[in-house]
Amino acid sequence: MAQDDLLMPVPLPPLVQEGLAKSFNLIKLWEERDPEAVLAAIAPRMRFIATGVPILADGVSYPISAAVVARFPKLELVANLGVGYDNIDAGACAARGVIVTNTPDVLTEETADTAFGLLLCVIRQFPQADRYLREGKWLKTGFPLTASLRGRTMGIVGLGRIGRAIARRGEAFGLKIAYHGRTAQADAPWPFYERLEDMARACDILMVSTPGGPATRNLIDAKILDALGPQGVLINIARGSVVDEPALIAALREGRILSAGLDVFAGEPEVPAELIAMDHVVLLPHVGSASHATRDAMSALVVDNALSFAAGRGPLTPVAETPWPSRPEKAH
Ligand code: 8YV
């Protein structure tokens with residue numbers, strides 16, 4: 001029996017490629033000599049796409065915009081590697097009855113570990129201390145004393161699965177917890193702030209774990225950073241777009257906040273030279289979920305979503321905008 005085509009516009013991990021190639025005729029767009037010609041030929045019949053944000057894709061990016069969705073009239077499924085799917089216009093997919101899946105749950109604990117590790121590194125300056133030792137400076141004198149986690153309050157921006165896992169870690173470390181989001185969550189035992197600025201004022205760690213995309217663009221701006229204050233620390237493991245980067249750079253340079261730990265950047269993998277030049281911040285190359293075990297679990301979930309959907313059993317982890325089975329009638 002002829003296999004269905006599946007378009008992979010950007011290189012996903014080998015496990016995804018191998019898993020999908022068993023059941024689909026996999027079209028690896030980035031390997032094609034003339035991708036435009038290939039797209040023109042396959043777009044009218046293509047039903048399945050598997051993709052991811054460029055972080056795993058050697059800088060090759062192929063956002064699934066409304067225009068891209070419109071280009072594939074028979075499209076039924078976009079399976080994304082990653083819990084965040086701001087690389088996909090899920091609203092446009094929903095309007096055309098296209099299901100989008102992501103990879104929730106399997107990366108929650110790993111990403112929360114990264115967030116907390118980054119927080120500890122920022123507050124206690126562990127990367128700087130490591131550099132200090134290697135540079136032989138300890139032989140002359142001890143490393144300077146640092147700020148402390150003791151007595152701090154962590155405000156979580158976006159109390160989703162990952163935000164909750166970070167909150168649990170915070171409690172284990174003796175932090176006070178607060179959160180801000182669209183709505184108060186009945187089962188969350190921590191104080192809810194309707195206004196982010198109020199929460200920023202009430203805490204000295206701001207932990208960003210909210211989805212990216214237009215709704216949260218530049219949510220953390222100069223006003224919020226000033227409310228966080230001179231002892232304040234910003235940690236972002238969500239998306240670079242959530243933070244107004246020039247405003248953050250200014251606040252760091254002028255000492256209006258203490259420090260920042262960033263795993264994500266607005267134009268990643270490009271990172272502003274101003275941040276790289278600052279020794280008191282900690283910068284990671286988007287490694288939130290980047291362990292072998294977690295990336296393998298994410299990869300398996302992409303494959304399982306595509307296989308289940310193509311077999312008529314429905315998607316395993318559809319995103320909120322494209323629920324299953326109550327999807328809208330297809331527009332075509
Ligand atoms: C990955 C992520 O780095 O899941 C996400 O939203 O940002 C990370 O887990 C990314 O998705 C890899 O493509």
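A residue is called buried when its relative accessible area is under 20%, exposed when that value is over 50%, and partly exposed in between, using a 1.4 Å probe and protein chains only. By this definition serine 241 is buried, with a relative accessible area of 15%. The structure is a predicted model, in which local features need pLDDT of at least 70 and side-chain atom pairs count only at pLDDT 80 or more, while totals for chains, interfaces and linings use all residues. Residues are numbered from 1 along each chain as its sequence is written, and side-chain values use heavy atoms, with hydrogens and water left out.

We can begin with the whole chain. The protein chain has 12 helices and 12 strands; helices (H or I, at least four residues) and strands (E, at least two) are DSSP runs, numbered from the N terminus. The radius of gyration of the protein chain is 22 Å, close to the 20 Å that the globule rule gives for 332 residues, so the chain is as compact as a globular protein of that length. Here the radius is taken over C-alpha atoms, and the globule rule is 2.2 Å times the number of residues to the power 0.38. Along the principal axes, the C-alpha atoms fill a box of roughly 70 × 50 × 30 Å. Of the 332 residues, 49% count as buried. The chain exposes about 15,500 Å², and carbon and sulfur atoms supply 56% of that area; accessible areas come from the Shrake-Rupley method with a 1.4 Å probe, and for residues only the protein chains shown count as cover.

Among contacts in the protein chain with a separation of 6 or more, 63% are between residues 24 or more positions apart.

Next comes an open sheet. Its 7 strands follow the order β8-β7-β6-β9-β10-β11-β12, and the pairing is parallel. Strands β8 (192-193) and β12 (282-283) stand at the edges with a single partner strand each, so one side of each is left without a neighbour in the sheet. Two strands pair if DSSP finds at least two bridges between them. Strands of a sheet pair through backbone hydrogen bonds, either parallel or antiparallel.

Within this sheet, β6 (residues 153-157) and β7 run parallel and are joined by 5 bridges; threonine 153, for instance, has lysine 176 in β7 as its bridge partner. Strand β7 (residues 176-180) is mostly covered, with 4 of its 5 residues buried. Further along, 4 bridges join β10 to the parallel strand β11 (residues 259-262), and leucine 234 is bridged to alanine 260 in β11. Serine 259 also belongs to strand β11, and its 2% relative accessibility makes it buried. Leaving aside neighbours within four places in sequence, serine 259 is in contact with Val122, Gly232, Val233, Leu234, Leu252, His280 and Val281.

Aspartate 5 has asparagine 25 as its bridge partner in β2. In β1 (residues 4-8), 4 of the 5 residues are buried, so this strand is largely enclosed by the rest of the structure.

Serine 241 lies in the loop between β10 (233-236) and α10 (245-253). Not counting residues up to four places away in sequence, serine 241 touches Gly212, Gly213, Thr216, Arg217, Asn218 and Ala266. Lysine 137, in the loop between α6 (126-134) and β6, counts as partly exposed at 38% relative accessibility.

Finally, some backbone angles deserve a look. Most residues other than glycine have a negative phi, and most peptide bonds are trans. Glutamine 125, in the loop between α5 (108-124) and α6, has a positive phi near 60 degrees and is buried at 17% relative accessible area. Histidine 286, placed in the loop between β12 and α12, has a positive phi near 45 degrees and counts as buried at 13% relative accessibility. The peptide bond from glutamate 268 to proline 269 is cis, with omega near 10 degrees; proline 269 is found in the loop between β11 and α11 (273-277). The bond from tryptophan 324 to proline 325 is also cis, with omega near 10 degrees, and proline 325 sits in the segment after α12 (292-310).

Key
Contact means heavy atoms within 4.5 Å.
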